[in-house]
2 protein chains.
Amino acid sequence: MASMNDVARQAGVSVVTVSRVVNNSANVNELTRTRVLKAIKDLKYKPNRVAKRLRSKSLSGNLLGVMIPDIRNPFYVDVLRGIEDVAYHNNYAIIVCNFGQDETKEKMYLDILQSESIDGLIVAPVREDDAKVISLVKSGLPLVCVDRGLVSVDVDVVLVDNVKGAFLAVDHLAKKGFKRIAYIAGKPEIPSSRYRGEGYRKALESNGLMYDEGLVKYGDSSHESGVRLCAELLEMDPRPDALFTGNNLITLGALETIHNLGLSIPQEVGIVGFDDMPWSSSLNPSLTAVRQPAYEIGKRAAELLIHRISEPGRAAISMMLNTELIVRKSS
Amino acid sequence: MASMNDVARQAGVSVVTVSRVVNNSANVNELTRTRVLKAIKDLKYKPNRVAKRLRSKSLSGNLLGVMIPDIRNPFYVDVLRGIEDVAYHNNYAIIVCNFGQDETKEKMYLDILQSESIDGLIVAPVREDDAKVISLVKSGLPLVCVDRGLVSVDVDVVLVDNVKGAFLAVDHLAKKGFKRIAYIAGKPEIPSSRYRGEGYRKALESNGLMYDEGLVKYGDSSHESGVRLCAELLEMDPRPDALFTGNNLITLGALETIHNLGLSIPQEVGIVGFDDMPWSSSLNPSLTAVRQPAYEIGKRAAELLIHRISEPGRAAISMMLNTELIVRKSS
DNA sequence: GTGAAAGCGCTAACAT
DNA sequence: ATGTTAGCGCTTTCAC
C-alpha cells in the first residue's frame with residue numbers, strides 16, 4: 001500500500017501538500033495539484049483511515065458504531081438498513097456489533113468501539129440505567145438511542161409509542177371477543193417490554209377485562225423463549241384464548257408452538273404480534289401485527305447522530321414515531 | 001481517555017513497561033507489574049486499538065472484516081452469527097459491511113476495510129472473477145470466501161454443494177408428480193444461481209422432464225424480484241405447476257404472489273425453496289426447503305480465517321458442507 | 001503556495 | 001528488568 005510519503009516523493013512535493021490535495025484544502029497551486037493527483041492515481045494511493053483517526057480525534061474519522069441487540073430480529077435488521085443508507089450517503093462507514101441481548105458482550109463491544117475512536121454511536125441499551133452507555137454520553141461521545149431510552153441523561157432518542165402500540169393490539173383482540181388474553185414479553189429489564197406491558201394492561205382495563213398476572217410471561221426476547229413460554233401458557237387450564245407477543249422472534253416462536261400443538265388460529269387461540277415482518281401475510285394464518293417503521297427509525301437515528309457530530313452542543317431530541325395495527329387473519 | 005503515557009507517569013515507569021504489562025510480556029518485575037496494574041485501574045486506562053493497528057501491521061489488530069451481500073437474507077444473518085461467535089471467542093472484533101448485492105458499494109466497502117488495516121476478511125464476492133477481491137487475495141490479505149468462490153486464485157472457500165442441493169429439491173418435486181417446474185433464480189452473475197440452475201436441469205433430465213428456458217427467470221436475489229418473477233410465471237399459459245426458488249428472499253416473495261393470486265399450495269402450485277428458515281414450518285403452508293448449515297458455514301469460515309492469519313503460507317482449503325431437503329407441506 | 005517539525009498512542013529494536 | 005530511540009501515516013501549527 002502506497003503511503004502519502006510515496007506520493008509526495010513521486011510528485012516531488014512534501015507530504016503536507018499531498019495532504020492538502022487529498023483533503024481539498026485551498027491554497028494549492030493548480031499545477032501542483034494536478035501533479036499530485038497524477039501520482040495518487042499512478043500509485044493507487046488510498047488514504048489510511050487508521051492513521052487519520054489516530055492523528056485527529058477532532059476531525060472526523062468517518063466511522064460510526066452501531067450496537068444491535070439481536071441481529072436475528074428482522075426489526076433490527078431494518079433499523080440497521082436505515083442507518084446504513086444514511087451513513088453511506090454521508091460518507092460514513094459503520095462498525096456493527098451484535099451483542100445478542102447479552103450485557104457482558106455489550107460492555108465489551110462498547111469498550112472496543114470507544115477504543116476505535118468512533119465519531120458517534122447508535123445503540124439500543126440493554127437497560128434504561130445502563131451505566132456504560134450513560135458514561136459514554138457524559139464523556140461527550142455523540143450518541144443516539146434507538147428503540148430504548150436512557151434515564152438520568154439528556155440524549156437523542158428515536159422510538160415508537162410502545163404503550164399505544166400494545167394498546168392497539170390488545171384492544172383489537174378484546175374487541176374481537178377474546179377474554180383471556182396473555183402477554184409474552186421480552187426481557188423484563190428492556191424498557192419496551194414494560195411499556196408494552198403497560199399498554200396491554202390499559203387495553204384490558206378499558207375493555208372491562210381483568211388483569212391476571214399469571215397470563216404475563218417474561219422471557220429473554222428470543223425465538224426459543226417464544227416457543228417455551230407459549231407452551232407454558234397453553235398448558236394452563238383454562239388456557240388463554242389469545243396471545244399478544246412482545247417482538248417478532250417471540251411471535252414466530254409462539255406460532256411454532258401453536259402449530260405443534262395442533263391448535264387452530266384464531267378459533268382456538270388468537271395472536272397479535274408486536275413488529276410486522278415482510279412475510280407476515282405468508283404466515284399460517286396471515287399475522288395481525290403492530291407495525292413499527294423500522295427502516296425509518298434507523299434513518300432518523302443516523303440523521304440525528306450525524307447532525308449531533310457536527311453540532312455537539314445542541315439540545316437533545318426525542319422522536320416518537322407512529323405504530324400501525326395491520327389486521328390480518330390471526331385475530 | 002487516559003493514554004499509556006498517563007499510566008506510565010502515574011506508575012513512575014516508562015511507557016514501554018506499561019506496554020509490556022498490558023501485553024503480558026515476560027520480563028517484568030512482579031512489583032512493577034502490580035504498580036502498573038493499579039495505575040491502569042485507577043485511570044481506567046483502555047488500550048487504543050487505533051494506535052495499535054497503526055504501529056504494527058504485522059501484529060494483530062484483532063479486527064476482521066465481513067462483507068455480507070444482503071443482511072435482509074436470514075441465511076446471511078446466520079452465517080454472520082457463526083462468524084461472530086468464533087471471532088468473539090478468539091478476541092477479534094468484526095466490522096460488518098452490507099453491500100446489498102451492489103457492486104459499487106462492494107468496491108467502496110472493500111477499500112474502506114483495506115484502509116482500516118483489518119487482519120483478515122470474509123467475503124461472499126458478487127462474481128467469481130471479482131477483480132477487487134482477487135487483488136486483495138494477491139496482496140496477501142488473509143481472506144476466506146463464503147457461499148461463493150473465486151476463479152484464477154487459490155483461496156479458502158466454505159460453501160455447500162449447490163448443484164446437489166438444487167437437484168434434491170427439483171427431483172423431489174418431479175417425484176411428487178409436478179411436470180412444469182419453474183426456477184426463479186437470483187442474480188445471474190452469482191455462481192450459486194448458476195449451480196442451482198445446473199442442479200435444476202439435471203433433476204429434470206433425470207426424471208424425463210423437458211428443460212424449458214421460458215421457465216427459468218433470473219432476478220436480483222431480492223424479495224421484490226421474487227414477487228415479480230413469480231407473477232410473470234404464473235401469468236403464463238399453461239402456467240408452471242411448481243416453483244423452485246433460488247434463495248429465501250425469493251421464496252418469501254413468491255409465496256406472497258401466490259397468496260395474492262389466491263392459488264392453493266401445493267394443489268395448484270407446489271414450491272420448494274433453497275434455504276430453510278427458522279419459521280419455515282409456520283408458513284402457509286409449511287415450506288419444503290433445502291437447508292444449508294448457515295451458522296456452521298460462518299463458523300468454519302471464521303476458523304479458517306483465524307487459522308490463515310496465524311499461518312499465512314498454508315495451502316488453500318475448500319470446504320463443501322452438506323445440504324438437506326426438509327419436506328413439509330408446500331410440495 | 002509550500003514545507004519543516006512536532007506529535008497522535010503505541011510497539012520494535014536496541015541499549016543498559 | 002527497564003528505558004531510549006525511532007517510527008507507523010497522517011494532520012497541525014508555524015514558518016518561509
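A residue counts as buried if 20 or more other C-beta atoms lie within 10 Å of its own, as exposed if 12 or fewer do, and as partly exposed in between, with C-beta atoms placed from the backbone. I work with a predicted model, in which local features need pLDDT of at least 70, side-chain atom pairs count only at pLDDT 80 or more, and totals for chains, interfaces and linings use all residues. Residues are numbered from 1 along each chain as its sequence is written, while chains are lettered from A and ligands numbered from 1 in the order in which they are written.

**Entry 1: Arg53(A)**

I looked up Arg53(A) and found it buried, with 25 other C-beta atoms within 10 Å. Arg53(A) sits in helix 4 of chain A; helices (H or I, at least four residues) and strands (E, at least two) are DSSP runs, numbered from the N terminus. Leaving out residues up to four places away in sequence, I list Gly61(A), Leu63(A), Ser117(A) and Val50(B) as touching Arg53(A), where contact means C-beta atoms, placed from the backbone, within 7 Å. I also took the C-alpha separation of Arg53(A) and Pro69(A), which is 27 Å for residues 16 apart along the chain.

**Entry 2: chain A against chain B**

I counted the contact next: chain A gives 36 residues and chain B gives 36 residues. On the side of chain A that touches chain B, helix 4 (49–55), helix 5 (74–89), strand 2 (93–98), helix 6 (103–115) and helix 11 (248–261) of chain A each give two or more residues. Helix 4 of chain A has the largest share, 5 residues. By class, I note 17 nonpolar, 10 polar and 9 charged residues on this side of chain A; Ala, Val, Leu, Ile, Met, Phe, Trp, Tyr, Cys and Pro count as nonpolar, Asp, Glu, Lys and Arg as charged, and the others, Gly among them, as polar.

I then superposed chain A on chain B, which takes a rotation of 180° with 0.1 Å of shift along its axis and leaves an RMSD of 0.1 Å. Of the contact residues of chain A, 100% recur in chain B, so the same surface serves both copies.

**Entry 3: the DNA strands**

I find 26 residues around DNA strand D, with Met4(A), Ser19(A), Asn48(A), Asn29(B) and Arg55(B) the closest; near means a C-beta atom, placed from the backbone, within 6 Å. This surface divides into 12 nonpolar, 11 polar and 3 charged residues.

For DNA strand C the count is 25 residues, and Asn29(A), Thr32(A), Met4(B), Ser19(B) and Asn48(B) come nearest.

**Entry 4: strands of chain A**

In strand 5 (residues 156–160) of chain A, 4 of the 5 residues are buried, so this strand is largely enclosed by the rest of the structure. Strand 4 (residues 143–146) runs parallel to strand 5 of chain A and is joined to it by 3 bridges; pairing requires at least two DSSP bridges. Val146(A) has Val158(A) as its bridge partner in strand 5 of chain A. On strand 11 (residues 318–321) of chain A, strand 5 pairs in the parallel sense over 4 bridges, and Leu159(A) stands opposite Met320(A).

I also traced an open, mixed sheet of 6 strands in chain A, in the order 7-6-8-9-10-12. Strand 7 (216–218) and strand 12 (324–326) of chain A are at the edges with a single partner strand each, so one side of each has no neighbour in the sheet.

Most residues other than glycine have a negative phi, and most peptide bonds are trans. I noted Asp147(A), not a glycine, with a positive phi of about 70°. Asp147(A) lies in the loop between strand 4 and strand 5 of chain A and is buried, with 25 C-beta neighbours inside 10 Å. Asn24(B) also has a positive phi, near 55°, but counts as exposed with 8 C-beta neighbours inside 10 Å.

I found the peptide bond from Ile265(A) to Pro266(A) to be cis, with omega near 0°. Pro266(A) is in the loop between helix 11 and strand 9 of chain A.

Conventions:
Contact = placed C-beta atoms within 7 Å. Least-squares fit on C-alpha atoms with pLDDT ≥ 70 in both.
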